[in-house]
Amino acid sequence: MFTAKVFQNAHLPRGADEVHAIVSVSTTSETKGTATSSGPLVFGLMIDCSGSMGEEGGERLRHAKTGVTEAIAALRDDCIFFVIAGCERAELIVPPTLALAAHRETAREMVRGLCAGGGTHLSRWLELALEQFRRVREATPNVICEALLLTDGKNDRLDALETTLAECEGVFQCHARGVGVDWQVDELRRLAQRLLGTVDIIPEPQLIAEDFRGILGQALGRTVTDVRLRLWCPQGAAVLFCRQVSPELLDLTGQSISGAPNPQLRDFDTGSWSGSDTRDYHFAIRVKPGQLGQKMLAGRVSLVLGGAADAKPLAEAQVLAIWTDDEERTAVIDRTVAHYTGQGELAQAIQEGLAARQSGDADAATRKLGRAVQLAAELGNEGTTKLLRRVVDIVDEREGTVKLRRDIDQADAMALDTRSTRTRRLA
Amino acid sequence: MPLCPNHHLSEAADFCAICGVEMSAPAPAALAATSGEPCPVCGTPREAPGSVFCEVCGYNFAGRVAPADAERIAPSPPAPVVREPDPPVGAKVRWELEARVLTAEDPGAPRDAAARLFPLDLADHLIGRRSPRRGILPDIALDPDDGISHRHACLRRRDDGGFDLLDLGSANGTLHNGKAAAANVAIPLQDGDRIRLGRWTELLLRIRHL
């Protein structure tokens with residue numbers, strides 16, 4: 001069962017036109033077995049088999065193989081899985097198969113035989129995965145499609161990625177993992193954001209299996225798929241942005257699904273949900289200012305299954321605007337809105353700070369990372385502070401005074417970068 | 001389907017499905033009235049519901065005290081709205097309306113008011129009482145008679161050049177030659193017809209042959 005709750009200060013001063021609200025969407029386990037629940041899980045594994053995976057005694061590839069076989073072992077009997085070995089080409093090692101014991105055994109043999117060699121061309125891997133998901137969907141609609149991509153290097157061919165991602169959008173979700181430190185955070189982050197997945201670093205190869213278990217555990221918990229966030233706005237209103245702000249920052253603004261049934265509606269894909277999910281969304285809408293005393297619906301947020309015009313909302317929340325002269329009411333910023341605005345600023349400060357450090361601008365890096373330290377302390381992001389400490393020496397947390405560390409481990413900087421989009425929820 | 005205060009048809013009952021305005025909210029004009037009552041001395045709307053003094057003349061809203069020079073700043077009459085007369089349909093005749101005060105009807109009627117003459121040269125004439133704050137400036141303004149609604153009735157030219165009378169759902173009604181006119185029903189008018197409205201006003205319709 002879905003529920004939606006709004007956090008906002010609806011009171012606006014005269015002439016104000018920007019409405020901000022956090023809509024918190026939660027599911028409870030009743031989702032299971034109800035009419036909304038979806039079919040079985042289809043899980044695709046894309047494993048980097050480029051030359052670098054076999055270097056240093058082939059440790060990365062060995063652990064990746066263990067990760068894959070363990071993941072396959074953890075699947076339920078009704079799940080469907082496939083494995084793609086990727087280099088500059090993509091090879092379908094295990095075609096989509098039902099996860100029966102005998103099939104798992106065959107798959108394990110196939111994976112064991114993998115060897116490293118060649119480059120990295122991510123869009124080829126994704127295209128092949130897309131083909132498999134489409135085939136399965138044709139045969140069994142309503143399946144939950146998730147994938148996992150593991151790489152240790154950066155994409156050789158940049159040109160095709162954007163178009164491939166656009167094709168994959170809405171067909172499957174994909175989590176991206178980078179092992180080691182030779183991959184590009186920006187690239188995998190973009191991939192994961194477009195395909196509604198998570199991104200993370202696996203600094204040491206022996207941690208691969210554990211990370212895969214986590215992803216699979218989450219994927220197995222999904223019970224309902226193709227959930228869309230439908231935003232209604234008054235005529236003439238502009239959506240300044242629509243962001244998922246928890247559990248991870250994810251800008252959905254440009255990702256509205258085309259072909260909404262009515263120009264006042266915008267649909268955003270949210271992928272699949274488990275029975276105990278909570279996700280928060282931040283909406284900023286510009287409306288025509290109303291008269292003093294007027295109350296207006298600035299947005300109606302609903303959750304629907306599929307994109308039908310008359311889809312019955314699973315949950316609904318109203319974003320209001322009330323214009324008043326009462327300054328005591330208009331001056332207050334809602335606690336939740338303020339918290340997530342801060343979380344966004346924190347992520348930006350970290351990413352910009354690390355980019356400045358990369359380009360050799362130590363002044364800008366110190367300033368930005370100092371601000372990040374300050375924000376993390378204010379917002380109570382203890383995990384982020386811990387990661388920041390590996391990159392900077394904190395002189396004064398309150399003031400944001402820091403010194404850049406000289407001996408920064410590249411893995412630590414990358415971990416800070418990839419995890420910058422993870423937000424903390426308000427208690 | 002219900003109409004929202006901005007006149008959109010809306011399926012939703014709580015907020016308008018087009019503009020988002022609350023369906024039960026008063027119309028914009030009425031809303032403006034609640035946000036600033038007019039100053040009783042100069043007519044300027046009160047700035048904010050809580051403001052103590054009138055921004056223009058200094059009237060004390062809280063204590064209801066008029067400024068010392070209240071007489072000097074009496075409300076100025078609204079500027080007359082100049083409209084181009086419509087081309088007369090039959091150039092030979094002119095319709096006129098004479099407004100008279102029936103002093104015998106009401107002791108409060110002004111004793112020495114002269115009859116006023118209104119040429120009927122528009123396609124549509126609003127009869128009523130002025131309300132600059134609500135933006136109602138009738139073509140035939142019968143101001144001192146407060147028994148007349150702001151938008152009381154209208155005289156509408158027919159295609160044949162004659163006129164119809166329509167009562168616009170006025171509070172106290174309209175009599176046409178002694179008979180009550182139903183609201184929003186067109187009554188064809190003839191030379192010499194008498195229209196009674198308000199506390200003491202009578203309108204006499206005349207056709208002048210040129």
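I'll start with one residue pair: in chain B, B:Val101 sits opposite B:Thr201, the latter belonging to β11(B). Before going on, please keep in mind that this is a predicted model.

That pair belongs to a longer pairing. Strand β1 of chain B, residues 93–101, and strand β11 of chain B, residues 201–209, are joined by nine bridges in the antiparallel sense. β1(B) also pairs with β2 of chain B, residues 116–119, through four bridges, again antiparallel. In that pairing, B:Ala99 faces B:Arg116 of β2(B).

Staying in chain B, take strand β3, residues 124–128. What joins it to β5(B), and in which sense? Four bridges do, and the two strands run antiparallel, with β5 of chain B covering residues 153–157. B:Asp124 is opposite B:Arg156 in β5(B). β3(B) has a pairing with β4 of chain B as well, residues 140–141, and there two bridges link strands that run parallel. B:Gly128 is opposite B:Ala141 of β4(B).

Now chain A. There are 11 helices and 21 strands in chain A. The chain has 427 residues, and 46% of them are buried. If you take contacts in chain A between residues at least 6 apart in sequence, 73% of them join residues at least 24 apart.

One is an open sheet of five strands, ordered β1-β3-β17-β12-β13, with antiparallel pairing.

Helix α8 of chain A, residues 335–358, lies across β1, β3, β12 and β17 of chain A, and its direction makes an angle of about 90° with β3(A).

The other sheet of chain A is open too, with six strands in the order β6-β5-β4-β7-β8-β9 and mixed pairing. β6, residues 90–98, and β9, residues 199–202, are its edge strands, and each pairs on one side only. From one strand to the next the twist averages 15°. Inside the sheet, β4 of chain A, residues 41–48, runs parallel to β7(A), and seven bridges join the two. Here A:Val42 stands opposite A:Cys145 of β7(A).

Next, the nonpolar cores. Which residues touch the most other members of the largest nonpolar core? They are A:Met46 and A:Ala298, in a core of 130 residues. There is also a second, separate core of 19 residues, and B:Trp95, B:Phe163, B:Ala181 and B:Leu205 are among its members. Back to A:Met46: leaving out residues up to four places away in sequence, its contacts include A:Ile84, A:Gly86, A:Trp125 and A:Ala129. They also include the run A:Ala147, A:Leu148, A:Leu149 and A:Leu150.

Now a loop. A:Arg157 is in the loop that connects β7, residues 144–151, with α4, residues 161–168, in chain A. Apart from residues up to four places away in sequence, A:Arg157 touches A:His121 and A:Ser123. The C-alpha atoms of A:Arg157 and A:Arg124 are 9.8 Å apart, although 33 residues separate the two along the chain.

Last, a helix pair in chain A. Two packed helices are described by the angle and the distance between their axes. For helix α1, residues 59–74, and helix α6, residues 208–221, the axes come within 8 Å and cross at roughly 30°. α1(A) and α6(A) are therefore roughly parallel to each other, since angles under 35 degrees fall in that class. Their crossing is right-handed. On the α1(A) side, the residues that meet α6(A) include A:His63, A:Thr66, A:Gly67 and A:Glu70, and on the α6(A) side they include A:Ile208, A:Phe212 and A:Leu216.

I'll stop there and take questions.

How values were computed:
Residues numbered from 1 in each chain as written. Chains lettered and ligands numbered in written order. Predicted model: local features only at pLDDT ≥ 70, side-chain atom pairs only at ≥ 80, totals over all residues. Contact = placed C-beta atoms within 7 Å. Pairing = 2+ DSSP bridges. Axes fitted to C-alpha atoms, helices over the stretch in contact; angles between N-to-C directions. Buried ≥ 20, exposed ≤ 12 C-beta atoms within 10 Å, placed from the backbone. Core = buried A, V, L, I, M, F, W, Y, C linked by C-beta atoms within 7 Å. Parallel < 35°, antiparallel > 145°, perpendicular 65-115°, else oblique. Left-handed = near helix turned anticlockwise from the far one by under 90°.
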